[in-house]
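Have the sequence and the model open side by side as you read.

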Amino acid sequence: MMGVTQMDQFTVFMAQLDKTLAQEQLSSTDLVYVPVTFSFHNQRLQVAINMLKTSFNQGNNVFGVPDILDRIRMLVGLELADRPQSRWPTKMTTQQLTITPHKMVRVIPVDMRAYQVE
């Protein structure tokens with residue numbers, strides 16, 4: 001796109017993420033809340049999940065909210081499935097915040113039912 005900077009792309013991505021999270025209808029009793037830091041660094045979307053001590057970047061791929069959410073939820077779900085439920089972060093302890101225009105924290109709800117082994 002002509003005239004659109006990658007920073008604009010990050011801003012649009014975050015707005016779409018906020019809208020998607022606000023519209024989700026998650027009513028599971030097995031929800032966990034994971035703070036995730038989204039930042040724009042070296043022309044790439046960086047996603048850090050500090051609770052899991054892991055991060056990833058989108059490389060040269062287009063920022064896609066559903067893909068990023070799926071990846072975050074899969075990483076969280078698979079990791080927490082191995083932990084006792086008593087150690088799951090079931091309360092929202094971190095608020096959504098904007099640290100800088102390039103770095104924002106959002107709390108991502110994850111439905112753990114999808115990751116539990118029967």
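Throughout, two residues are in contact when heavy atoms of theirs lie within 4.5 Å. One thing to keep in mind from the start is that this is a predicted model.

With that in hand, take Val76. Setting aside the neighbours within four places in sequence, Val76 touches Val32, Val34, Ile49, Leu52 and Val110. Val76 is also among the residues with the most contacts inside the largest nonpolar core, alongside Phe38 and Ile72. That core has 26 residues. Helices α1 and α2 and strands β1, β2 and β5 each put in at least two residues, and α2 gives the most, with 6 residues.

Now for the strands. There are 5 of them in an open sheet, in the order β3-β2-β1-β5-β4, and the pairing is antiparallel. β3 (54-57) and β4 (97-100) are at the edges with a single partner strand each, so one side of each has no neighbour in the sheet. Going from one strand to the next, the twist averages 30°.

β1 and β2 (residues 44-49) run antiparallel and are joined by 5 bridges. One place to look is His41, whose bridge partner in β2 is Arg44. Helix α2 lies across β1, β2, β3 and β5 (103-111), and runs at about 60° to β5.

Thr37 has 14% relative accessibility, so it counts as buried. Leaving out neighbours within four places in sequence, the contacts of Thr37 are Gln46, Val47, Ala48, Asn50, Lys103, Met104 and Val105.

| Aromatic pair | Centre to centre | Angle between planes | Geometry |
|---|---|---|---|
| Phe10 and Phe40 | 5.8 Å | 35° | tilted |
| Phe13 and Phe38 | 5.9 Å | 55° | tilted |

Phe10 is in helix α1 (residues 6-23) and Phe40 in strand β1 (residues 31-41), so this pair links distant parts of the chain, 30 residues apart. Phe13 lies in α1 and Phe38 in β1, so their pair ties together parts that are 25 residues apart in sequence.

**A charge over a ring, and a proline**

Another ring worth a look is that of Phe56. The charged end of Arg71 sits over this ring, 4.0 Å from the ring's centre.

Last stop: Pro66, which lies in helix α2 (residues 65-80). Why does Pro66 count as exposed? Exposed means over 50% relative accessible area, and Pro66 is at 56% relative accessibility, so it counts as exposed. Pro66 and Leu17 are 49 residues apart in sequence, while their C-alpha atoms are 8.5 Å apart in space.

Notes: Residues numbered from 1 in each chain as written. Predicted model: local features only at pLDDT ≥ 70, side-chain atom pairs only at ≥ 80, totals over all residues. Heavy atoms only, no water. Phe/Tyr/Trp six-rings, centres within 6.5 Å; stacked < 30°, edge-to-face > 60°. Helix = DSSP H or I, 4+ residues; strand = E, 2+ residues; numbered from the N terminus. Lys NZ or Arg CZ within 6 Å of the ring centre and 35° of its normal. Buried < 20%, exposed > 50% of the residue type's maximum accessible area, 1.4 Å probe, protein only. Pairing = 2+ DSSP bridges. Axes fitted to C-alpha atoms, helices over the stretch in contact; angles between N-to-C directions. Core = buried A, V, L, I, M, F, W, Y, C linked by side-chain atoms within 4.5 Å.
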